[in-house]
Amino acid sequence: MLGVATAIPSALLAAHEGIWLIAAIDVLAMLWIGAIWRLRRLAYASRVWHFLGVIYVVGVGLLLKVGPISQIYLLAIPVLAALLLGFRPALCMLALTTATVLALGYQADAGSQVMGLPAYGAQRSFIIALNFLFIAAVLTLSCAVLLRHLASSLDELAASAASLEQSRNHLVAVNDDIHRLAFYDVLTGLPNRRLLIDRIDNLLAASARDRHYSAVLFIDLDRFKFINDARGHGTGDALLQAVAGRLQPLMRKADTVARIGGDEFVVVLSHLAPALETATLAARTVADKIRHAIATPFEIDGQRYTCSASIGVTLLPQSGQNAQDLLREADTAMYRAKADGRNGVAFYETAMQADVERRLDMERDLAAALAAGRLEMHAQPQVDRHGRTIGAEMLMRWPLTGGGAVPPSVFIPVAEESGLILQLGQWALEQTCAAALRLAQAGHALTLSVNVSPSQFRQAGFVEQVRAALAASGAPASMLVLEVTEGLLVDKMDATIERMHALAALGLRFSIDDFGTGYSSLAYLRRMPLYELKIDRSFVTDAPHDSGSGALVQTILDMARHLKLRVVAEGVETQAQADFLISHHCHCMQGYLYGRAAPVDALLARLAAPATAAACAPAPAPATAAPPAPASTSTSTSALAPAPGPSAPVDAAS
């Protein structure tokens, strides 16, 4: 457009002055430019060459008719070529325009006169061409070099921009990763504890304004540890991911599902209702949906796994609450749901927190009592059908400074939950070894039973601990009976039986405590190195007047007789119970009827007293003869025999 705007006035002026060559060249130039503009499919380089051709024709025409000033057109050609096509085309155009100036210098009418030089000829032509070449070369080379540096700078700038963009993308990705790691669980992709607490804090602030109740649900998977240990962490991780996948569709967009560690999930239900009763009902409904969703079997790698959930619920807002308080309350309620039998829902109550604090205090006091040596091991006698003391069970007691004692049924569960049971079990084993040594030194070859918890038995170094305790005390291993529960055999039965044989090789004997209440199976009885079975007190209590319990006791006694195992009946408290057991040939009895647990000194005194126990002991049933002694090992026979020396009478009320 700029060229047309220049050519039209030039053509009109040339026509007015009668310079028809210039007018014709201007018209030709306009037509040529128009053709270039219309031919849009023409390549870029072709368009530039045509444009340079237009300038060249106009420049030559003007140089012939106007004068030296027209050399500007020819001077522009190499410069434009350098800018638009590159260095080599610019050199070609520089050579062409210089040659043109040189050729036109020979023409007398070329309008290129120079003062002091001939009007035409080689000298004039050469000088004009040389000056043109110098100026044109300077401009062309300067533009070419400048353009090359500019291109290089643009390339560097583009590379820098690309590098910056790549760095920015990397920083964005890193920032996303940092944000995800900081606020989301890696395994499930759910919010983690940090983000959960932040959302609870925001919800507390919002709930205080709009006066709507919300809820926090603490979810713990029952039996997850069993599945994770049995099938491996890969299956456990897949199960957690599947649980997360089931929880999310149950929630609204305003709710939050988070995983805070292990098999623990937390659900935050926002703005349930303005009324407490309505919000409680809504939270209970969602909790039941969650429980049923998790109870549906999971299929992982072609295997079906069943799981359940214990859920604790607490509502907000309440005065002075913060996020940590709500999580603690929901966690406390969840443990109440577990204590009530698992696979249930429990709402937080203030009394629960008091129970938790009491348990924490008890845990701390129990550890202090163990460290200070304030715990004691008492022995409860075991007698035969004639009332003679033939053994004892060592029982842990925790006397209090101000009088009284903490029942084992209270502090033993606390020890198991806190892990103190391992230290207590080791201490009980050492005390039993010391008591056995005292009995042996006094000439009483009685068996002493001591309970071993599953967690203590499963310790990797348990066999070495027992061996070290025996070596340190010098107690005869044949006097010790380790009591284990049937629950010990549920998990890793083969490894458990192998460890029992290793301990039996040291001379120790084994007893199944509370037999009949757990995992009873004749298969494991035949594989284990057992010495005795202990009938649970619940069967003994009802045996004289309940046909079902009586039949169970008779079955256990008959089975033990065929397996050549000794039987100890626990919890014998009445003469009727004792008569029933004696009439069915029970080898040994233990309970308040024959004596309460007392210090080992009391047991030694009982064994050393005059032989008057028969007067107090239950009389044998005359109609039924005692069965022959079971043909087991020599150690079993000696344990069933009367103790050396008479037994002292024991008041049943003691």
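Hi everyone, let's start with one glycine: Gly189 is partly exposed, because its relative accessible area is 41%. The words here have cut-offs: buried means under 20% relative accessible area, exposed means over 50%, and partly exposed is in between, with a 1.4 Å probe and protein chains only. This is a predicted model, where local features need pLDDT of at least 70 and side-chain atom pairs count only at pLDDT 80 or more, while totals for chains, interfaces and linings use all residues. Residues are numbered from 1 along each chain as its sequence is written, and side-chain values use heavy atoms, with hydrogens and water left out.

So where does Gly189 sit? Gly189 is in the loop between helix H6 (122–183) and helix H7 (193–210). Helices (H or I, at least four residues) and strands (E, at least two) are DSSP runs, numbered from the N terminus. Now find Ala244 on your screen: Gly189 and Ala244 are 55 residues apart in sequence, and their C-alpha atoms are 8.7 Å apart in space.

Side chains of opposite charge can pair when their charged atoms come close. For a salt bridge, we ask for a side-chain nitrogen of Lys or Arg within 4 Å of a carboxyl oxygen of Asp or Glu. How many salt bridges does a search of the whole structure find? The search finds 23.

One of them joins Asp185 to Arg259, with the closest N and O atoms 2.9 Å apart. This pair links distant parts of the chain, since Asp185 is in the loop between H6 and H7, Arg259 is in strand S2 (residues 256–261), and they are 74 residues apart. Are these two buried or exposed? Asp185 is buried, because its relative accessible area is 15%, and Arg259 counts as buried at 11%.

Next, look at Arg438 and Asp601. They form a salt bridge whose closest N and O atoms are 2.4 Å apart. Arg438 lies in helix H14 (residues 421–441) and Asp601 in helix H22 (residues 600–608), so the pair ties together parts that are 163 residues apart in sequence. Arg438 is partly exposed, with a relative accessible area of 37%, and Asp601 counts as partly exposed at 49%.

A further salt bridge is between Glu570 and Lys534, with the closest N and O atoms 3.3 Å apart. Glu570 is in the loop between strand S15 (566–569) and helix H21 (575–583), while Lys534 is in strand S14 (residues 532–535), so this pair too links distant parts of the chain, 36 residues apart. Glu570 and Lys534 are both buried. Salt bridges can also join up: Asp220, Asp222, Lys338 and Arg342 are linked in a network of them.

Now for helix packing. Two packed helices are described by the angle between their axes and the distance between the axes. Axes are lines fitted to C-alpha atoms, for helices over the stretch in contact, and angles run from 0 to 180 degrees between N-to-C directions. Angles under 35 degrees count as roughly parallel, over 145 as roughly antiparallel, 65 to 115 as roughly perpendicular, and the rest as oblique.

Back to H14 and H22: their axes come within 11 Å and cross at roughly 20°, and the two helices are therefore roughly parallel. What about H9 and H10? The axes of H9 (residues 233–247) and H10 (residues 276–295) come within 10 Å and cross at roughly 140°, so this pair is oblique.

Let's move to some backbone details. The peptide bond from Leu316 to Pro317 is cis, with omega near 5°. Pro317 lies in the loop between strand S6 (308–316) and helix H11 (323–339).

Val345 lies in strand S7 (residues 345–347) and is buried, with a relative accessible area of 15%. Val345 and Met334 are 11 residues apart in sequence, and 7.3 Å apart in space from C-alpha to C-alpha.
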